[in-house]
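Please find below some notes for a first look at this structure.

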Amino acid sequence: MPSTSGRCALPLSSQGVLFTRLSHQSRRPTPILASAMQPHHNVSGAAADSLSSQDISTSEASTYYNIEANGARFPQEKVRGYAEVAYLTGRTKIVANEFPTALGIDDFLHRLEIALYAYGFNGDNAIAMVNLCRDEITVSLKVKIDQVFGSSFNTNGLGGVLTCGVTGVAAGLSHAPVSSGSGKERYVFFSFPHISIDARGEVGTISRPGRPGSSCACGALHQALIDIKSQGLSTSCKIPGVHEPLDPEFTILKQRLARRLRYDGVDDNAVANLNLVDITRVAERTIADDLDYLISHTVDPKKADYAVVTGVQIHNWGTRFDDESPNLEFVAPQSVYVVVNGEKTHLDLNAMPSLTPRQVRILAGKSEGGDARSRGADDVVCNSAGTSTLREIDPPYLYNSRDIRKRQKERVETYADLITEEGLSPDTTCPWPSWQSTLRNTKSVKEDESSRNNSAVHFDSKFSSVDELDELWTRLQSKYYGEPRPSNSDGESD
């Protein structure tokens with residue numbers, strides 16, 4: 001069998017194949033991701049026979065991997081590719097346990113590009129309308145979309161909530177290319193809330209570069225769920241259009257989720273049992289419905305064709321950003337459809353075959369502005385992983401690049417050694433540049449109190465207890481929810 005780094009010519013099966021590691025200390029086999037082997041990855045008897053078991057090392061100092069298939073054992077150098085596939089398949093299984101339709105981000109975009117091309121959409125004749133969470137880690141998906149469709153128009157919001165309204169959507173659509181032949185415009189709408197599931201399967205935790213400890217994704221959805229649980233659905237369901245002046249986007253997100261939960265028939269007892277995966281699914285349904293509603297008010301299907309792609313973006317990073325675990329990105333498509341000449345057609349990306357690891361490497365290398373091999377792509381894992389092809393990604397913000405941080409650390413260690421070896425006497429203090437003093441403004445700037453207080457938030461707050469508005473609030477609450485607005489201890493409305 002040809003040996004190719006980073007590729008596996010013969011996948012594995014959980015039927016008849018045991019993947020183990022043996023070491024000279026214990027000589028006891030330890031299963032490695034045995035549960036990760038998928039039934040559709042088969043090693044036939046003939047293929048197993050073609051791998052000779054005569055080369056197994058017996059050195060007491062050696063640690064080697066072992067595959068058992070039909071009673072045969074195979075040496076480490078011939079199963080290294082299988083270890084990579086097994087590892088990636090195990091990582092995929094962690095994500096698929098929560099989101100069964102999940103695909104590697106590169107594989108997802110490649111399948112989508114092919115599917116949409118069949119219906120007349122490409123980067124030259126369509127504009128991408130992208131709605132993601134504001135979190136900087138979602139930029140990985142936006143960059144991939146831009147590589148296919150060019151610069152996209154973003155309608156991002158906390159948790160992916162759509163707050164741009166018909167004006168925002170219409171603004172993006174007005175930038176779309178116009179077909180010189182038919183005069184039609186084409187739009188591709190993307191909408192994805194996001195969630196993190198780390199390499200060990202911990203939901204919601206993510207290690208961010210340069211920040212100690214673990215963080216959360218999506219933090220907005222996590223906090224919204226906490227608030228809805230503590231405040232109750234009735235309190236969280238506000239009148240449409242009502243929000244906190246200092247926190248408009250988050251309160252709109254929370255209200256939309258609460259109203260959707262009540263629409264789905266969920267009560268406070270059921271809300272208490274919801275977790276981050278549950279609320280992420282609720283957010284996806286809510287935002288997808290909001291998008292469809294905005295499209296119905298902004299797109300004329302007689303003049304334009306459009307596609308809608310919704311789902312969940314999943315960050316499957318290592319438990320520490322700088323560890324050896326590859327940072328993987330997934331997309332779990334939920335709804336993919338096109339409307340061409342007014343006719344709606346649903347598409348199933350999971351029914352399409354994935355690209356091979358070689359194809360993904362080449363396309364990824366070209367998209368990143370150079371030859372994949374010259375950019376060290378062989379150091380980036382890219383291989384089959386069950387139902388998808390996975391490729392490691394590094395966040396596309398260079399100051400946080402894991403590889404750059406490693407190289408910086410290596411340079412520091414190298415220069416520290418060179419100082420001694422070359423007998424250098426460096427200055428250990430660095431004086432401030434002389435021009436810095438010219439930047440300092442020594443004048444005392446007195447704050448204009450009238451200007452500081454004349455803000456929209458301050459202005460709006462003056463009317464928070466006007467009797468007329470309180471009465472109107474009570475009427476609206478009664479109309480929409482059948483509940484009066486609660487009063488404070490003085491008998492006045494809050």
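1. The chain contains 15 helices and 16 strands; helices (H or I, at least four residues) and strands (E, at least two) are DSSP runs, numbered from the N terminus. This is a predicted model, in which local features need pLDDT of at least 70 and side-chain atom pairs count only at pLDDT 80 or more, while totals for chains, interfaces and linings use all residues. Residues are numbered from 1 along each chain as its sequence is written, and side-chain values use heavy atoms, with hydrogens and water left out.

2. Of the 494 residues in the chain, 42% are buried (under 20% relative accessible area, 1.4 Å probe, protein chains only).

3. The largest nonpolar core has 54 residues. Such a core is a set of buried Ala, Val, Leu, Ile, Met, Phe, Trp, Tyr and Cys residues joined through side-chain atoms within 4.5 Å. Helix H10 (residues 276-298) gives the most to this core, nine residues. A second, separate core of 32 residues includes Phe108 and Trp317.

4. Phe189 is among the residues with the most contacts inside the largest core. Beyond its neighbours within four places in sequence, Phe189 is in contact (heavy atoms within 4.5 Å) with residues including Met129, Leu291, Ile295 and Tyr306.

5. Asn383 lies in strand S15 (residues 382-385). Is Asn383 buried or exposed? Asn383 counts as buried because its relative accessibility is 0%. Its side chain makes a polar contact of 2.8 Å with the side chain of Glu84; a polar contact is a pair of N or O atoms within 3.5 Å, and within protein one must be able to donate a hydrogen and the other to accept it, with residues adjacent in sequence counting only if both atoms are side-chain atoms.

Methods:
Buried means under 20% relative accessible area, exposed over 50%, partly exposed in between (1.4 Å probe, protein chains only).
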